[in-house]
Amino acid sequence: MILLPLTVEAVGHVLFNLRDVDRRELEATCWRFDSELLARATCTARLGFIAAADDLTPVAAVAAGECWPSVWQVGMFATPRWPEVGIPATHAVRRLFHGKLPALGAKRLQAFSIADHHEAHRWMLVLGARCEATLSGWGKGGEDFKVFVWRR
């Protein structure tokens, strides 16, 4: 795996090739699914990276932005090639969560995930999150979401 900076082109590639569950999750939280607008918004995150396969194909986008003082929203979405980069990307996220974010004053990290994205939930638990709540009907189509939280 190779870490690359967030760019509109790289994030756009991931968005155009999303896993089905990631697309459903994003669609449930957007006014309309527009890959270019989502790519531009993702690139405004204060911290993040693209996890690329060894052939430099963007596979996953990871981003973190401060919502309000000391509270950071984190997110990740990926293509079906996620298994190729999953383990090293997990290590990179741990470095981000345990190194850079606390150094920037982050006391709470949070992620929202559609209720049936079990792979993402397992991954966040591996990363040390706890499921804080289920938000019934939180998605635009009435989908339930879970809130995962990391606290310093």
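Is Asp-22 buried or exposed?

Modeller: This is a predicted model, in which local features need pLDDT of at least 70 and side-chain atom pairs count only at pLDDT 80 or more, while totals for chains, interfaces and linings use all residues. Residues are numbered from 1 along each chain as its sequence is written, and side-chain values use heavy atoms, with hydrogens and water left out.

Asp-22 is buried, with a relative accessible area of 1% (buried means under 20%, exposed over 50%, partly exposed in between, with a 1.4 Å probe and protein chains only). Asp-22 belongs to helix 2, which covers residues 20–27 (helices are DSSP runs of H or I with at least four residues, strands are runs of E with at least two, and both are numbered from the N terminus). Its side chain reaches the backbone nitrogen of Ala-78 at 2.8 Å. Once neighbours within four places in sequence are set aside, Asp-22 is in contact with Phe-77, Ala-78 and His-117, where contact means heavy atoms within 4.5 Å.

As for the chain around this residue, 47% of the 152 residues in the protein chain are buried. Among contacts in the protein chain with a separation of 6 or more, 64% join residues 24 or more positions apart. The protein chain has 5 helices and 7 strands, and from the N terminus on its elements follow the order β-α-α-α-β-β-β-α-β-α-β-β. The C-alpha atoms of the protein chain fill a box of roughly 40 × 35 × 25 Å, taken along the principal axes.

Notes:
A polar contact is a pair of N or O atoms within 3.5 Å; within protein, one must be able to donate a hydrogen and the other to accept it, and residues adjacent in sequence count only if both atoms are side-chain atoms.
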